[in-house]
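Reader: I am new to this structure and would like to go through it with you. Could you take my questions one at a time?

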Amino acid sequence: MNQERLYISLERLTPYSKEFLLGLYERMALIREFEEQVKYLFLAGSMPGTIHQCQGQEATAVGVCSALAPQDYITSTHRPHGHALAKGLTPLEILTELFGKGTGCCKGKGGSMHIGNMEKGMPPAIAIVAGGIPIATGMALANKMQKRQEVVACFFGDGATSEGAFHEGVNMGAIWNLPVIYVCENNFYGASTHVSKVTRKESVIDRASGYGIPGHTIEGNDVLAVYEATRQAAEECRKGRGPVLLELLTYRMTGHSRRDPCLYQPKEEREAWGRRDPIEVLGRGLVLRDDIQESDLERIRNKVNQEIMDAIEDARQEPEPTLADLTTDVYA
Amino acid sequence: MRLSIAEALRSAIAEEMRRDPAVFCLGEDIGVPGGWGGAFTVTLGLEKEFQDRMIDTPISENGFFGVATGAAILGMRPIVDVQYGDFLLCAMDQIHSNASMLRYMSGGAVKVPMVMRAPVGATGRGAQHARNTERFFVGAPGIKVVAPSTAYDAKGLLKAAVRDDNPVMIFEHKLLYGSKGARAETGTVDATSEIPDEDYVVPLGTAAIRRQGTQVTILAWLLMAHFSLTAAQQLETEGIDAEVVDVRSLSPFDYDTIGESVRKTGRVVIVEEGPKTGGIAAELAAGIMERFGDSLLAPIERVASPDIPAPFAPVLENAYRPSPQRICEAARRLL
């Protein structure tokens with residue numbers, strides 16, 4: 001593993017506006033702060049349920065969603081907090097759901113693994129591994145049949161590529177040329193099992209040729225690389241040349257769920273990926289620009305901290321669901 | 001016009017597709033020119049009128065039930081066809097975890113208006129193309145389940161299902177389709193009906209009294225509704241006046257109609273094709289006990305298949321499938 005600290009070069013940053021780049025930084029910092037505070041709340045016992053977190057994977061969520069139009073769709077997984085925040089759900093509507101309040105984004109009926117907001121282009125996250133892949137394919141089919149321009153970005157992990165639903169869903173997206181971007185966040189572990197133990201292929205992207213679709217492996221902790229690859233994939237989809245498979249190489253810098261201490265992740269590996277922390281990868285590049293100072297980044301980090309702390313306090317004040325809500329929303 | 005169930009379903013699908021451009025069909029071998037129109041001819045020829053809305057899928061049941069669900073949440077109204085009800089088991093994750101639950105999980109934000117069609121029943125094909133898989137979808141909150149035994153009901157229920165905003169499963173019986181030509185079935189029972197020219201629906205959630213009677217209520221659906229009518233005729237010659245209720249809606253049950261009959265007769269026989277243990281008859285019996293137990297004059301009788309996979313040999317298969325004789329025996333035990 002490379003010992004160098006990864007950063008995005010000035011040359012690659014130059015074509016973009018300061019506002020855009022700081023926006024990417026802020027969204028990633030917001031996700032990190034959200035996840036760190038949620039972890040604390042969970043460990044302190046003040047948040048119910050279980051949690052699957054995405055510290056270290058902020059660039060995949062933000063890079064992909066920044067490249068989409070607001071009316072485009074995503075589908076997500078059991079690890080959805082980052083995707084939701086990147087797609088524009090507010091910390092408050094998610095936190096309210098995580099606290100099990102009746103005013104959460106799913107009225108307290110979904111919880112951490114099923115957060116979503118259709119008005120913001122995110123159906124409830126689907127927590128059966130690979131279960132969202134046929135769903136995203138069907139959403140893309142609807143868009144195509146209704147002659148709409150929206151694309152669907154379908155998030156899943158490396159573990160999902162061993163599921164039949166992955167094969168079936170991607171194959172149908174391929175045969176019908178659907179406007180869907182299959183986004184594999186390869187963090188190298190399906191729960192605790194290393195990807196090398198479950199496939200003989202070196203890379204997930206080799207699967208793309210099996211379905212006759214284009215596929216690209218991207219440095220997933222480089223938010224700009226993810227953004228650019230997704231923009232290009234979305235353009236292809238809108239021209240009727242979908243689907244596209246993206247493999248985003250990244251790393252989960254936290255447990256699979258709850259109190260997982262990650263003893264299966266070798267120390268050297270963790271340290272190496274620590275040098276590729278996606279927020280720092282962007283931050284180290286940003287300060288090379290004349291118009292961005294370290295103080296700008298610090299200001300953003302303070303801002304998102306305040307935003308999350310405020311949202312937590314607000315979410316705590318929200319009402320519990322009433323028992324009259326128990327049996328509603330089963331049928332339309 | 002007198003139509004078979006296969007023809008009635010076909011005309012219902014065509015009319016609904018003409019009425020609403022969001023309706024489309026998805027499944028295996030459903031729209032192949034020169035093909036069969038699905039395994040039992042229901043969609044035969046529809047691809048000529050609806051070229052872009054008869055979508056033939058790969059053999060990927062879990063995948064295409066998920067595709068249908070995804071399309072439904074974005075405003076389409078898919079009718080998904082599975083060739084044999086047994087293959088629904090390949091699609092259990094998408095049906096049970098997504099189609100049925102997305103609405104609740106989203107706090108009511110998502111609608112899943114989709115129709116799922118599945119042929120069931122033991123018909124000379126051995127164990128894996130024979131199961132009555134209705135039982136696996138009764139007790140799945142979020143899904144409605146119907147099982148038409150006549151062509152009139154098949155058309156009306158399918159139309160109601162297409163217009164409903166929920167996932168609706170329609171179970172159809174292979175011996176009731178009246179499929180013709182190469183797809184004709186041995187042992188077919190006549191389920192044709194006079195079909196009116198005008199548009200109509202049969203509301204979901206309703207049972208139908210097929211024969212009025214006073215002494216015993218026989219509850220059945222699909223092929224067993226026909227067998228129960230045959231049994232009732234036999235019982236009449238013995239002086240037993242049986243009422244036959246076509247349960248028709250398996251989720252939810254129409255306890256109003258069922259209850260009225262049970263309170264009148266005080267005696268209940270429930271007939272189910274499929275293993276007795278863990279079947280739909282068990283749920284119905286418990287539901288009747290809870291609601292109308294005070295009206296019962298005798299314990300509820302169940303007539304079902306033994307707890308075995310469906311056998312192949314015709315002599316064994318005929319013993320597996322409840323017969324009019326066994327239904328008569330159960331009714332006699334109650335009187």
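Reader: Which domains does the assignment give for chain B?
Author: In this predicted model, the domain assignment divides chain B into domain 1, covering 2-194, and domain 2, covering 208-334.

Reader: How many Å apart are the C-alpha centres of these two domains of chain B?
Author: The C-alpha centres of domain 1 and domain 2 of chain B are 26 Å apart.

Reader: And how many residues of each domain are in contact with the other?
Author: In chain B, 31 residues of domain 1 are in contact with 28 residues of domain 2. The two domains of chain B bury about 2,200 Å² between them, and 57% of that is on carbon and sulfur atoms.

Reader: How many salt bridges are there across that interface?
Author: The rule finds 3 salt bridges across the interface of domain 1 and domain 2 of chain B. A salt bridge also joins the side chains of B:Arg210 and B:Asp153, with an N to O distance of 2.5 Å. As for polar contacts, 16 residue pairs across the interface of the two domains of chain B are in polar contact, both residues being at pLDDT 80 or more.

Reader: Which elements give two or more residues to the domain 1 side?
Author: On the side of domain 1 of chain B that touches domain 2 of chain B, these elements are strand E6 (144-146), helix H6 (151-163) and strand E7 (168-173) of chain B. By class, that side of domain 1 of chain B has 16 nonpolar, 8 polar and 7 charged residues.

Reader: Let us turn to the two chains. How many residues of chain B are in contact with chain A?
Author: There are 43 residues of chain B in contact with 38 residues of chain A. Between them, chain B and chain A bury about 3,000 Å², with 70% of it on carbon and sulfur atoms. In chain B, the residues that lose the most area to chain A are B:Leu74, B:Tyr104 and B:Met105, which together make up 25% of what that side buries.

Reader: What is the count of salt bridges between the chains?
Author: Between chain B and chain A the count is 0 salt bridges. However, 13 residue pairs between chain B and chain A are in polar contact, with both residues at pLDDT 80 or more.

Reader: Which parts of chain B supply the side that touches chain A?
Author: Strand E2 (23-27), strand E3 (54-56), helix H3 (61-73), helix H4 (92-99) and helix H5 (102-105) of chain B each supply at least two residues of that side. The largest share, 10 residues, comes from H3(B). The residues on the side of chain B that touches chain A comprise 17 nonpolar, 17 polar and 9 charged.

Reader: What about the overall make-up of each chain: how many helices and strands are there in chain A?
Author: Chain A has 12 helices and 7 strands. Its radius of gyration is 19 Å, close to the 20 Å that the globule rule gives for 332 residues, so chain A is as compact as a globular protein of that length. Along the principal axes, the C-alpha atoms of chain A fill a box of roughly 50 × 50 × 40 Å.

Reader: And how many are there in chain B?
Author: Chain B has 11 helices and 14 strands. The radius of gyration of chain B is 19 Å, close to the 20 Å from the globule rule for 335 residues, so chain B is as compact as a globular protein of that length. The C-alpha trace of chain B spans about 60 × 50 × 40 Å along its principal axes.

Reader: Now the backbone. Where is A:Pro243 placed?
Author: A:Pro243 lies in the loop between helix H9 (223-238) and strand E7 (244-249) of chain A. The peptide bond from A:Gly242 to A:Pro243 is cis, with omega near -5°. In chain B, a cis peptide bond joins B:Ser251 and B:Pro252, with omega about 0°. B:Pro252 is in the loop between strand E12 (249-251) and helix H8 (255-265) of chain B.

Reader: What is phi of A:Ala130?
Author: Phi of A:Ala130 is near 75°, a positive value in a residue other than glycine. Most residues other than glycine have a negative phi, and most peptide bonds are trans. A:Ala130 is in the loop between helix H5 (91-98) and helix H6 (132-145) of chain A.

Reader: Lastly, how many salt bridges does the structure hold over all chains?
Author: Over all chains, the structure holds 47 salt bridges. One joins A:Lys101 and A:Glu320, with the closest N and O atoms 3.8 Å apart. This pair links distant parts of the chain, 219 residues apart: A:Lys101 is in the loop between H5 and H6 of chain A, and A:Glu320 is in the segment after helix H12 (294-317) of chain A.

Notes
Residues numbered from 1 in each chain as written. Chains lettered and ligands numbered in written order. Heavy atoms only, no water. Contact = heavy atoms within 4.5 Å. Buried area = accessible area lost by both parts, 1.4 Å probe. Salt bridge = Lys/Arg side-chain N within 4 Å of Asp/Glu carboxyl O. Polar contact = N/O pair within 3.5 Å; in protein donor to acceptor, adjacent residues only side chain to side chain. Helix = DSSP H or I, 4+ residues; strand = E, 2+ residues; numbered from the N terminus. Nonpolar A, V, L, I, M, F, W, Y, C, P; charged D, E, K, R; others polar. Domains from an automatic or database assignment. Rg over C-alpha atoms; globule rule 2.2 N^0.38 Å.
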